[in-house]
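Me: I am new to this structure and would like to go through it with you. Could we begin with one residue and then widen the view?

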Amino acid sequence: MQDLAPLNLAAIDVMHVVPLGVAFLLGLVAKAANLPPLMGFLAAGFILGALGMHDTPMLEEIADLGVTLLLFTIGLKLHVKDLAAPVVWLTASVHMLITTVVVALLLSALALTGLSFFSAFDTNTALLIGFALSFSSTVFAVKVFEGRAEMSAIHGRIAIGLLIVQDIFAVVFIAISAGKVPSVWAFLLFALIPLRPLFFRLLEAVGHGELLVLMGWLLPLVGAGLFELVGIKADLGALVLGILLAGHAKTNELAKSLLSFKDLFLIGFFLSIGLSGELSWAVLGAALLLVLLLLPLKALLYFLLMTRQHMRARSATLASAALTNFSEFGLIVGAIGVTNGWLDGSWLSVLAVALALSFLLASPLNAMSKRLYARWRHPLHRFETRTRLPGDDMIRPGKAQVVVFGMGRVGTGAYDYLRSIWGDVVLGIDINADYVDRHSAKGRNVVLGDATDADFWARAERSGRVKLALLAFSDHESNMAVARLLKEQGFELELASVAHYPDHEEALRSAGVNAVFNFYASAGESFAEHVAEEFGDRIDKELGQPA
């Protein structure tokens with residue numbers, strides 16, 4: 001057998017490692033400043049780009065893999081019915097149309113001022129740039145919602161559905177502009193739909209270990225390859241394969257198994273944004289002007305369109321904040337414009353810098369969005385309609401005195417135990433509509449809602465009935481967000497929470513949580529108590545202990 005060549009670490013180009021090292025350091029700085037790490041990754045790209053570094057093939061591949069895995073995991077959690085809702089397709093369509101026209105008019109007005117970058121504009125060029133800036137970033141929005149465990153919340157589902165509609169517009173534009181139509185073999189892709197039961201069986205057969213992870217890698221890559229083969233954008237294939245698996249009981253586990261890989265590869269995406277633009281004072285000035293003029297317009301337009309479609313002001317605010325940015329698809333549209341001679345090459349740098357600046361501004365905006373809503377909720381309520389979008393109703397605690405937030409495995413166990421003691425005064429609340437339906441079918445009193453909803457706590461405070469709340473979320477940030485909200489509003493009740501790490505336990509206690517259950521540290525003790533209850537009498541007899 002031929003000997004395998006040893007790994008030559010010296011052959012690895014150090015310039016491939018430097019961007020990741022700088023991204024790590026600046027991500028650490030951002031985290032220490034209580035900002036999302038992606039702000040550090042973007043800053044790293046900017047700094048390296050200013051020092052003359054360019055995008056490398058390695059970073060491009062990492063970024064592409066990150067986006068492919070991202071779209072696959074989006075598909076896993078997507079309900080096709082969400083795309084058919086008017087609040088999704090109508091908001092996306094009207095928003096893109098209005099934004100494109102307004103940006104074109106704005107650019108035409110700026111052309112009259114004689115400013116560089118804005119001179120010599122014709123109508124078609126202005127409309128093309130307007131179209132490029134009308135998109136919002138899928139990658140950014142998903143990172144926001146995943147960080148707050150809100151992918152299943154109604155504002156998360158609607159925002160993601162709206163972004164997918166935008167992505168479909170982008171795919172159509174790319175096909176038309178390239179003069180490229182899908183192959184006749186593309187119709188064979190419909191054969192994937194009858195294969196759905198087979199995918200389900202495979203998902204059940206792979207178990208919970210490395211085969212599940214391997215399947216999570218294989219399916220999006222196969223989907224991307226198949227779609228690319230027949231002339232359709234590859235990323236769309238990863239999304240479709242994810243949608244085909246959506247609804248299975250193991251899709252949540254599959255998504256979690258890919259989470260670390262996806263987050264790691266998306267670092268390459270955020271780095272490449274900063275590296276793709278050549279900085280100059282003229283480019284920076286033009287990009288900053290676009291950001292300051294257009295981002296408030298985008299946010300306001302999203303909010304107005306969503307509230308007109310009967311969304312609550314809170315849901316519309318959180319969704320709009322996540323969509324207040326420019327998109328990576330804008331760079332693709334710009335690149336096509338430059339290639340076809342419709343756009344000057346310098347505008348690609350302007351779009352890249354505007355995209356990065358929009359992320360830098362949107363990150364703190366989303367970090368503060370719930371607190372901003374809590375402060376301004378009364379004026380924002382004036383924009384609401386009298387009717388409510390199905391699934392976006394206010395949480396009504398009714399006669400509940402004990403509420404359990406997060407009806408996963410831990411929350412369900414807590415709910416069942418407390419209900420067996422105190423009866424129907426216990427209420428379960430979860431942000432995931434599928435979980436709520438499953439629990440309701442089993443006779444549990446569980447409603448759809450978000451623990452970080454300031455409107456709910458204001459109502460609960462007025463009723464005075466809720467005496468105890470249990471926070472059983474799997475992510476620490478959600479538990480902390482509720483604790484901070486109650487502390488800010490001066491709401492007095494007994495508050496208990498789960499935690500996974502000692503530093504999380506300490507942070508929760510500092511935030512005002514009365515009792516913290518360290519899940520890992522206390523699991524053994526709880527297990528022993530259960531065993532003692534089950535076999536205690538028999539073991540006492542064996543050991544000669546009094547019963």
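**Threonine 125 and its surroundings**

Reply: Setting aside neighbours within four places in sequence, threonine 125 is in contact with Trp342 and Leu343.

Me: Which helix does threonine 125 lie in?

Reply: Threonine 125 belongs to helix H6, which covers residues 123–133.

Me: Is threonine 125 buried or exposed, and why?

Reply: Threonine 125 counts as buried because its relative accessibility is 14%, and the cut-off for buried is under 20%.

Me: Moving on, what confidence does the chain have?

Reply: This is a predicted model. The protein chain has an average pLDDT of 82, and 88% of the residues score at least 70.

Me: Which elements have the lowest and the highest mean pLDDT?

Reply: Among the elements of the chain, the lowest mean, 65, belongs to helix H22 (residues 519–543), and the highest, 94, to helix H14 (residues 313–323). Where pLDDT is low, the predicted coordinates should not be read in detail.

Me: How many helices and strands are there?

Reply: The protein chain has 22 helices and 6 strands. It consists of 547 residues, of which 49% count as buried.

Me: And the contacts: what share joins residues at least 24 apart?

Reply: That share is 76%, taken among contacts between residues at least 6 apart in sequence.

Me: What about the largest nonpolar core?

Reply: The largest nonpolar core contains 94 residues, and those with the most contacts inside it are Leu107, Ile160, Phe269, Phe270 and Trp347. Helix H16 (residues 346–380) gives the most to this core, with 13 residues.

Me: What is phenylalanine 270 in contact with?

Reply: Leaving aside neighbours within four places in sequence, phenylalanine 270 is in contact with Leu38, Phe41, Leu42, Val139, Lys143 and Phe359.

Me: A change of topic: which residue caps helix H18?

Reply: Asparagine 432 caps the N-terminal end of helix H18 (residues 433–441), with a side-chain oxygen 2.9 Å from the backbone nitrogen of aspartate 434. After H18 comes glycine 443, whose phi is positive, near 90°.

Methods: Residues numbered from 1 in each chain as written. Predicted model: local features only at pLDDT ≥ 70, side-chain atom pairs only at ≥ 80, totals over all residues. Heavy atoms only, no water. pLDDT = per-residue confidence, 0-100. Helix = DSSP H or I, 4+ residues; strand = E, 2+ residues; numbered from the N terminus. Core = buried A, V, L, I, M, F, W, Y, C linked by side-chain atoms within 4.5 Å. Buried < 20%, exposed > 50% of the residue type's maximum accessible area, 1.4 Å probe, protein only. Contact = heavy atoms within 4.5 Å. Polar contact = N/O pair within 3.5 Å; in protein donor to acceptor, adjacent residues only side chain to side chain.
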